[in-house]
Amino acid sequence: MKGTKTTIAALAALLMAGTAHAEPLKVGMITTLSGGGAGLGIDARDGFMLAVKQANNPDLTVVIEDDQRKPDVAVQLADKMIQQEKVDVLTGIIWSNLAMAVVPSAVAQNKFYLSVNAAPSQLAGKGCNKNYFSVSYQNDNLHEAAGGYATSAGYGKTFVMAPNYPAGKDSISGFKRFYLGDVAGEVYTKLGQTDYAAEIAQIRASGADSVFFFLPGGMGIAFMKQYAQSGVGIPLIGPAFSLDQGILGAVGDAALGIKNTSNWSKDIDNATNKAFVETFQAEYGRLPSLYASYGFDTANLLLSAMGKADVKDQDAFRDALRAADFNSVRGKFIFGANQHPIQDIYVREVIKEGDVLTNKIVGTALIDHADAYASECVM
């Protein structure tokens with residue numbers, strides 16, 4: 001425990017270094033804390049609040065609400081936070097359909113929005129906005145890396161499957177952008193679906209040599225369990241969302257050996273990431289997930305900007321956010337012209353460490369990768 005306390009103190013001191021001139025700032029976090037997909041929002045919240053706790057900045061206030069994964073609820077909460085709570089910054093949304101319901105209105109009211117996850121193509125290209133920053137990725141990115149991996153692994157006939165909502169459509173577009181083989185079948189499932197018998201039958205009959213699937217949260221858990229029980233045996237490839245730390249315990253050994261693509265992993269070798277993994281586990285009693293890492297980075301980006309500018313001076317604060325002068329768990333971190341990250345994306349494999357299922361990096365899929373929509377963004 002002494003080593004953990006030392007690490008926490010060192011990290012807190014590092015984070016506090018940039019906050020000496022902070023002015024009061026209020027954040028409204030709207031995220032999914034109940035129902036299907038709650039684990040994703042809980043992880044994002046916990047990562048964000050760990051950074052807030054470590055910084056111990058009295059000028060930062062965070063108001064947290066549960067969107068229940070319902071667009072109408074998210075819109076109501078955003079209106080309340082903007083009009084009644086008088087927040088300066090919004091964040092927290094996991095699901096792209098909720099982001100599309102909330103973000104355009106929020107930035108139109110001159111509020112900053114920092115995305116901890118959802119980053120639909122509509123907000124990266126023609127719908128970009130000077131007050132909108134994605135700290136996570138652009139929705140296509142991890143799927144593009146999966147397409148590149150499938151090609152390099154020699155797969156030539158991949159079956160692709162994702163939910164029928166903005167991020168699902170972005171995932172298939174991203175995969176196909178970097179995949180050079182043939183598509184054996186393309187299926188869009190119902191958002192929140194838990195029975196995949198029909199889709200597994202289609203995969204079995206397709207003649208595919210591989211399956212790319214994007215099914216975050218409980219959808220992926222249900223699919224992988226049913227797929228393993230079916231005995232189909234065709235190799236699965238996914239983005240990290242379907243095989244992240246919060247998912248693996250529920251899936252069990254059915255996930256072993258599956259390759260997935262991610263811009264973060266607990267074994268990225270830098271001091272900030274090592275301290276984050278250690279302190280998150282000490283604080284919450286579990287390993288952090290991808291969503292937790294995004295929450296942590298988002299809070300630290302915000303704290304870095306607070307150390308440079310007053311949020312009431314929007315131009316200066318925006319410049320401070322763009323500078324991204326913070327220590328990311330991903331290592332190097334810069335924003336592209338559309339305020340989405342330019343970053344490395346890795347190939348991971350699900351393994352067991354003792355009795356715990358987790359991921360390890362086995363390769364790099366894309367280096368300094370920008371998104372496909374930045375050229376369409378005019379601010």
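**Note on a helix crossing and the aromatic pairs**

1. The crossing of helix H2 with helix H12 is right-handed, a word used where the near helix is turned clockwise from the far one by less than a right angle. The model is predicted, with local features needing pLDDT of at least 70 and side-chain atom pairs pLDDT 80 or more, while totals for chains, interfaces and linings use all residues. Residues are numbered from 1 along each chain as its sequence is written, and side-chain values rest on heavy atoms, without hydrogens or water.

2. The axes of H2 (residues 38–55) and H12 (residues 290–306) come within 7 Å and cross at roughly 35°; axes are lines fitted to C-alpha atoms, for helices over the stretch in contact, with angles from 0 to 180 degrees between N-to-C directions. Helices are DSSP runs of H or I with at least four residues, and strands are runs of E with at least two, numbered from the N terminus.

3. Aromatic pairs number 19, counting rings of Phe, Tyr and Trp (its six-membered ring) with centres within 6.5 Å, where planes under 30 degrees apart are stacked, over 60 edge-to-face and the rest tilted. The ring centres of Tyr113 and Tyr132 lie 6.2 Å apart with planes at 25°, so this pair is stacked. Tyr113 belongs to strand S4 (residues 112–115) and Tyr132 to strand S5 (residues 132–134), 19 residues apart.

4. Tyr113 is buried at 2% relative accessibility, where buried means under 20% relative accessible area, exposed over 50% and partly exposed in between (1.4 Å probe, protein chains only).
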